[in-house]
Amino acid sequence: MISALKTGKRVRVSEFGESPTAAIEQFMSLEDVAVPDPATLRADEVIVEIKSAAVAWVDLLMTSGQYQHMAMPPYCPGMEYSGVVTWAGAEVLPQHIAPGDRVFSDWFTAGPRAGGRYQAAGGFATHAVLPASALRRIPAGFSFDEACNLLANYETAYHCLIARGQLRAGETVLINGASGATGMAALQVAKLLGATVIATGRSDAKLALVKAHGADHVINAANADGTPGVRRFRDEVKTLTGGRGVDVVYDAVGGDTSLESMRSCAFGARFLIVGWTSTPNVARGRGQRGAPNANQLPSNIIQMKGLSVLGCPAAISVAQDPSLRPPRLAQVMQWVTAGRIRPHVSHTFALADFKKAMLARWNGEVVGGCVLNP
């Protein structure tokens with residue numbers, strides 16, 4: 001099957017912005033492109049007509065060059081996406097991938113986070129040309145929107161909670177940023193492991209949804225008067241844990257939230273650094289690198305509580321040790337097959353509204369996944 005579209009579209013990042021919001025406003029546009037011509041492609045490649053593309057926090061940071069991995073402009077953003085195969089090269093085995101298949105991309109093999117030959121094959125577009133090895137068939141019962149929010153989120157949750165945090169049944173984990181894409185995944189994974197989950201956030205409405213998805217307890221960490229920073233919530237955590245504190249912290253937020261979370265820990269707890277969404281300008285903008293605004297953690301609390309502070313970079317760790325990925329990928333897909341995990345998507349946008357979609361993610365309006373539908 002060949003795409004009926006004669007002209008495609010893609011989002012283009014022409015240069016890095018000082019910040020993601022500056023990049024969105026000044027250096028991103030939607031442009032017309034030719035639909036891929038099979039006559040120009042390699043025998044191991046396929047054409048995917050994209051149906052859904054995840055709008056991830058990483059996609060935003062990359063537009064300002066503030067993420068640890070940079071796709072050099074001009075490039076098309078969109079780390080993960082899904083769609084329908086419209087053409088397959090002669091060397092692509094039909095039992096692997098065939099025209100008409102519903103597929104999703106592997107963020108390690110193609111797209112702006114992957115690097116290499118297929119770094120330009122971002123998902124904010126109507127079409128992508130990929131090697132068949134960069135695609136998987138969408139699991140039965142999964143929508144395109146769910147499929148493009150699967151691997152990065154759940155692999156991150158697995159790497160943090162299992163490979164690094166060694167979370168066990170009966171333990172209590174504090175999940176900061178629980179309404180985010182990886183936070184929702186971490187919630188599901190923690191419950192699968194038999195842990196008790198205390199989830200923090202800054203919106204009662206979003207926390208209600210987090211509770212509905214399985215959190216045992218939720219805490220609104222925002223100051224009641226609306227001022228910046230977080231309120232003291234350690235006493236609530238101690239009450240919920242019988243005075244002991246939590247065994248593990250999954251911290252995707254950083255800043256003041258990290259400090260209050262450390263004070264909520266039991267002695268010997270594992271503190272997992274997942275991200276720092278509350279302080280995104282750690283690095284200089286426009287791809288200048290460095291970390292002039294680096295987060296800082298209190299060595300006195302770490303010492304007195306005997307904490308293990310663990311960095312948990314899901315992608316960088318695989319680059320250092322490729323053997324880490326197969327078991328976690330196998331476990332994630334086993335959970336999918338068994339119907340035990342499912343991404344939640346709260347917001348969808350047309351491709352033409354990519355700026356609205358990115359700002360919705362940036363401004364914290366999203367619960368779980370945010371998707372563009374080309």
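User: What makes up the lining of the largest cavity, by class?

Analyst: By class, the lining of the largest cavity has five nonpolar, six polar and one charged residues, where Ala, Val, Leu, Ile, Met, Phe, Trp, Tyr, Cys and Pro count as nonpolar, Asp, Glu, Lys and Arg as charged, and the others, Gly among them, as polar. This is a predicted model, in which local features need pLDDT of at least 70 and side-chain atom pairs count only at pLDDT 80 or more, while totals for chains, interfaces and linings use all residues. Residues are numbered from 1 along each chain as its sequence is written, and side-chain values use heavy atoms, with hydrogens and water left out.

User: Why is a space called a cavity, and how many cavities of 30 Å³ or more are there?

Analyst: On a 1 Å grid over the protein atoms alone, a cavity is a set of points where a 1.4 Å probe fits but cannot get out, whereas a pocket is an open set with protein on both sides within 12 Å along at least five of seven lines. By this rule there is one cavity of 30 Å³ or more, and the volume of the largest cavity is about 60 Å³, a volume being the space filled by probe spheres set on the points, which are joined across faces, edges and corners.

User: Which residues line the largest cavity, and which elements give two or more of them?

Analyst: Lining residues have an atom within 4 Å of a point, and those of the largest cavity are N149, N153, Y154, A181, M184, A185, Q188, R342, P343, H344, G368 and G369. The elements that give two or more residues to this lining are α4 and α5 (181–192), and the largest share, four residues, comes from α5. Helices (H or I, at least four residues) and strands (E, at least two) are DSSP runs, numbered from the N terminus.

User: What is the volume of the second largest pocket, and what lines that pocket?

Analyst: The second largest pocket holds about 380 Å³ of space, and of the 18 residues that line it, R10, A120, H127, A128 and V129 are the closest to its centre. At least two lining residues come from each of β1, β2 (28–34) and β6 (127–131), with the largest share, three residues, supplied by β6. By class, this lining has eleven nonpolar, three polar and four charged residues.

User: Why is D251 called buried?

Analyst: Buried means under 20% relative accessible area, exposed over 50%, and partly exposed in between (1.4 Å probe, protein chains only). The relative accessibility of D251 is 3%, so D251 counts as buried.

User: What surrounds D251?

Analyst: D251 is found in strand β11 (residues 246–251). Leaving aside neighbours within four places in sequence, D251 is in contact (heavy atoms within 4.5 Å) with N176, T257, S258, F271, L272, I273, V274 and G275. The C-alpha atoms of D251 and I175 are separated by 6.3 Å, although these residues are 76 residues apart along the chain. The side chain of D251 also reaches the backbone nitrogen of G254 at 3.2 Å.

User: How do you know that R328 and E155 form a salt bridge?

Analyst: A salt bridge is a side-chain nitrogen of Lys or Arg within 4 Å of a carboxyl oxygen of Asp or Glu. The side chains of R328 and E155 meet at 2.8 Å, N to O, so this pair is a salt bridge. The pair links distant parts of the chain, with R328 in helix α11 (residues 325–337) and E155 in helix α4 (residues 151–164), 173 residues apart. R328 counts as buried because its relative accessibility is 1%, and E155 counts as buried at 0%. D106, E155, R325 and R328 are linked in a network of salt bridges, and by the same rule the count comes to 19 salt bridges.

User: Why does the pair of R286 and E18 count as a salt bridge?

Analyst: The closest N and O atoms of R286 and E18 are 3.9 Å apart, so the pair meets the rule for a salt bridge. R286 lies in the loop between β12 (265–273) and α9 (299–304), and E18 in the loop between β1 (7–13) and α1 (20–26), 268 residues apart. R286 counts as partly exposed at 39% relative accessibility, and E18 is partly exposed with a relative accessible area of 44%.

Note on methods: Polar contact = N/O pair within 3.5 Å; in protein donor to acceptor, adjacent residues only side chain to side chain.
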